[in-house]
Amino acid sequence: MYLSRLILNARSRQVQQDLRNAYDLHRTLCFAWADDGEALPPHERVLWRPDGEHPPALLVQSRAAPDWGRLLTRHPGYLETFQTTHLGADKLAALTRQGGIYRFRLRANPSVKKAGKRYGLYSAPAQANWLLRQAESAGVELLEFRIAGSERFRASKGSSTPRLTLCAATFEGHLRVTDPQRLRPALEGGVGHGKAFGLGLLSLAPAP
């Protein structure tokens, strides 16, 4: 697994356009793995979330190594800087150890599906209950957490499709691993819906 931190060039017109639509930003990032920004390699999952505003920064996670030079060939001047770290098997095992206690951060889409339509959960109690359900599915026990931020934003998958309204909540806290076999897919594949809109990336770090 690979983790990259990107500093975007706020003067770039492409960056300015992408920051107005999360799906466009996702497609641009995918040029680091796919020449057309869409046909990703089999089993690839690109997850990302904002990691700063001034200058705009992103945290990007992938299974395969990114080629940010390929993105820059497509969009010269898009990035100010980038740094990629490889999380090998040993590092992943250390982050999914049975009984291990870790700090976590997750920007996700708390939502429920009713009559075939997905609805965002905007109240703090509903978001907290959603997170507790996700934690159980991911094989972790939440020791403590807080909702660090909550917002709604609009995005679309192209000019010919209607704009969607998505709920985004950022959770932070500490967790204990109860089932490493269930946690690993949540780490690599993300949590919840809206992954192409910058949602679902779960980050862990050893607790001090």
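Trainee: Hi! Which residues of H5 are buried?
Mentor: The buried residues of H5 are Gln 127, Ala 128, Trp 130, Leu 131 and Ala 135. Buried means under 20% relative accessible area, exposed means over 50%, and partly exposed lies in between (1.4 Å probe, protein chains only). This is a predicted model, where local features need pLDDT of at least 70, side-chain atom pairs count only at pLDDT 80 or more, and totals for chains, interfaces and linings use all residues. Residues are numbered from 1 along each chain as its sequence is written, and side-chain values use heavy atoms, with hydrogens and water left out.

Trainee: What covers the buried residues?
Mentor: The cover includes strands S5 (101-108), S6 (111-114), S8 (140-155) and S9 (164-177). Helices (H or I, at least four residues) and strands (E, at least two) are DSSP runs, numbered from the N terminus. Contact means heavy atoms within 4.5 Å.

Trainee: New topic: in what order do the four strands of the open sheet come?
Mentor: The order is S2-S3-S1-S4, with antiparallel pairing. Two strands pair if DSSP finds at least two bridges between them. S2 (47-53) and S4 (79-86) are at the edges with a single partner strand each, so one side of each has no neighbour in the sheet.

Trainee: How many bridges join S1 to S3?
Mentor: Six bridges join S1 (residues 2-8) to S3 (residues 56-62), and the two run antiparallel. Tyr 2 stands opposite Ser 62 in S3.

Trainee: How is the chain divided into domains?
Mentor: Domain 1 is 2-86 and domain 2 is 97-206; the bounds come from an automatic or database domain assignment. Their C-alpha centres lie 21 Å apart. Domain 1 gives 14 residues to the contact and domain 2 gives 20 residues.

Trainee: Last one: where is Arg 163 found?
Mentor: Arg 163 is in the loop between S8 and S9. Arg 163 counts as partly exposed because its relative accessibility is 41%.

Trainee: What is Arg 163 in contact with?
Mentor: Leaving aside neighbours within four places in sequence, Arg 163 is in contact with Arg 20, Arg 154, Ala 155 and Ser 156. Arg 163 and Asn 21 are 142 residues apart in sequence and 9.6 Å apart in space, C-alpha to C-alpha.
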